[in-house]
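Have the viewer open and follow along.

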Amino acid sequence: MTAITPDVVRVAVPERSVRHDMRAVKIVLERELIRFWRDRMRMISGLMQPILWLLVMGNGLSNLTRLPGASSTGVDLKTFIFPGVCAMSVMFTAMFSAGSIVWDREFGFLREMLVAPVSRSAIVVGKCFGGALVATAQGAVIVALAGLASVPYNPVLIVTLLAEMFLGAFALTGFGIMMAARMKSMQSFFGLMQMAMMPMMFLSGALYPLNGLPTWLSVLTRFNPLTYAVDPLRQAVFAHLSVPAAVAARFNPGVTWNGWRVPVGLEIGIVVALGVGLLGVAIIEFRRGE
Amino acid sequence: MEAGGAPPGSAVEVDGLVKRFGELEAVKGIGFTVRPGEIFGFLGPNGAGKSTTISMLCTLLKPTAGAARVAGYDVVTQRDDVRRNIGLVFQDPTLDGYLTGEQNLRFHADLYGVPRSLFPERLRQVLEMVNLWDRRGDRVETYSGGMKRRLEIARGLLHSPRVLFLDEPTVGLDPQTRSSIWEYIRQLRDTEEITIFMTTHYMDEAEYCDRIAIIDSGKIVALDTPEALKASVGKDRVQINTDDDEATIAALKERFDLEAAVHEGAVTFAVPSGGEFVPRLFAELGIPIKSVSVSRPSLDDVFMSYTGNTIRDAEGSAGDFMRMMIRAGGRR
């Protein structure tokens with residue numbers, strides 16, 4: 001074929017259909033994965049913070065919390081903190097992925113997407129699932145470090161953790177995209193994210209058990225959605241450990257509502273419902289923007 | 001309306017189009033028609049309303065009043081149909097630098113639903129046209145400014161649009177790249193059965209258009225072929241060199257009643273038939289003339305005669321303000 005050919009291939013763009021929208025979702029998602037893979041720096045910098053928490057804080061504070069009977073099994077603060085660190089790493093990556101919408105807007109690529117004959121929902125859903133997958137991939141790297149926290153490499157546990165992380169990541173990306181829909185600069189987006197993420201992290205039970213807290217703190221943690229993403233991870237980890245009941249009770253008290261222990265199924269339900277709700281709001285925001 | 005329907009009578013039809021941003025009326029009720037297959041130039045200084053108009057035609061901005069049809073479809077009520085039939089190359093790049101050239105185009109193909117069976121061949125065709133086939137596997141962030149613009153043109157063509165909108169396609173490029181972009185644009189018309197609607201503020205480039213509309217402060221002040229527009233000015237530009245410019249200007253005023261000024265180092269003025277005027281000039285000026293040149297009116301002169309301004313003078317703070325407004329509006 002030469003550069004200029006008289007028989008030009010003509011393309012007829014089809015009318016909008018569900019199949020077409022699915023194809024759009026897929027390519028938006030794929031782009032997120034390609035970008036994540038290309039941007040290795042981001043992968044490495046995303047690991048820095050969780051590793052600091054796990055190795056430095058975990059080891060450092062373990063001396064304060066050594067329990068009788070726990071040391072023989074190797075379970076200590078690191079083990080406790082491990083699910084929290086998984087959740088944190090997922091949270092940071094999910095927010096960063098959502099922030100890429102602001103980035104796309106600043107660099108014009110969003111316009112390429114918004115002028116296409118495809119529904120806004122397809123773009124937002126693609127972004128959201130892409131962000132959730134990327135965040136789960138980052139979380140998987142932390143799961144690979146389980147041995148450092150005396151967490152066993154049990155296939156069932158690993159699959160459970162990955163699945164729960166994905167659901168949490170999905171809700172968090174939805175939250176991030178909802179925020180990003182209105183933002184015009186990366187600076188303001190990250191400013192806002194810092195403001196939202198720090199309290200969410202500290203009030204989630206990622207770093208300390210949620211029992212025996214002062215009432216005000218206890219109430220705040222129960223209203224924090226991240227709490228319900230962290231607890232199932234910890235439940236899964238402790239279900240695969242053999243530790244004395246006293247240790248389990250201290251390290252893994254679960255989440256209680258007025259004394260009633262919230263089952264894992266309900267916690268996951270809350271996370272999923274929240275994710276779907278936030279995604280819906282994000283879609284409405286993008287539609288209204290037209 | 002169906003996708004494969006008969007080609008419309010006109011590629012673009014605009015009637016009484018108005019766009020207001022709060023107090024500011026950026027486009028003040030314009031109307032024009034673009035015929036299928038032509039290269040239509042939208043000419044004006046920055047801030048004249050070019051980008052606002054193009055954004056409305058591309059369904060990115062809602063008109064405040066008036067109507068527009070692109071490829072036969074209404075830009076407000078049949079937005080998706082318009083989108084399926086247009087290609088866009090924006091003023092600012094809209095490529096993903098992390099992706100390769102090919103990946104950027106594949107993204108576009110999937111978003112537009114280009115049939116998978118046609119994609120490989122079409123990809124090759126558009127990339128070969130802009131001479132980027134060999135670079136398709138490289139990340140776009142490694143491309144030069146000109147390569148990026150070429151890739152955007154290829155992408156805008158990928159889904160065989162009936163109307164291709166080019167918003168300042170050559171702005172910020174070096175002269176060599178500019179002329180190569182123009183080569184692609186002209187080649188396109190021969191191979192693709194496409195209508196090209198472009199904005200520019202480079203006067204020399206407007207010459208390549210079949211017809212041009214001159215827009216100034218949100219209104220169309222002239223619309224015709226470049227030749228007809230130049231003829232309508234009716235005056236040639238005469239430039240003379242003498243030893244005493246001041247005296248020459250005074251003499252021109254006194255003896256011929258002509259307003260002259262020094263431009264580009266020569267005394268410059270306009271007369272209806274330059275060639276016939278020169279013998280009189282030598283006979284009656286009374287000041288020795290060292291050299292003389294007569295030129296047909298350029299589009300610069302056309303612009304000047306319709307707006308009372310050169311295109312560069314007309315660009316100013318108003319332009320910057322408009323760009324800001326458009327960016328704020330272009331968010332959606």
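Start where helix α1 (residues 18-38) of chain A packs on helix α3 (residues 101-112) of chain B: the angle is about 155° and the axes are 8 Å apart. Helices here are DSSP runs of H or I, at least four residues, numbered from the N terminus; axes are lines fitted to C-alpha atoms over the stretch in contact, with angles from 0 to 180 degrees between N-to-C directions. So α1(A) and α3(B) are roughly antiparallel, a label for angles over 145 degrees. The crossing of α1(A) past α3(B) is left-handed, with the near helix turned anticlockwise from the far one by less than a right angle.

This is a predicted model, where local features need pLDDT of at least 70 and side-chain atom pairs count only at pLDDT 80 or more, while totals for chains, interfaces and linings use all residues. Residues are numbered from 1 along each chain as its sequence is written, and chains are lettered from A and ligands numbered from 1 in the order in which they are written.

Who meets whom? On α1(A) look for Arg23(A), Ala24(A), Ile27(A), Arg31(A) and Ile34(A); they meet Gln103(B), Phe107(B), Asp110(B) and Leu111(B) of α3(B). Contact means C-beta atoms, placed from the backbone, within 7 Å.

Staying with chain B, an automatic or database assignment gives domain 1 (12-229 + 317-329) and domain 2 (235-296). Their C-alpha centres lie 42 Å apart.

Now hop to Leu213(A), in the loop between α7 (186-202) and α8 (215-223) of chain A. Leu213(A) has 15 C-beta neighbours inside 10 Å, so it counts as partly exposed (buried takes 20 or more, exposed 12 or fewer). Beyond four places in sequence, Leu213(A) contacts Ser218(A) and Thr221(A).

Note on methods. Helix = DSSP H or I, 4+ residues; strand = E, 2+ residues; numbered from the N terminus. Parallel < 35°, antiparallel > 145°, perpendicular 65-115°, else oblique. Contact = placed C-beta atoms within 7 Å.
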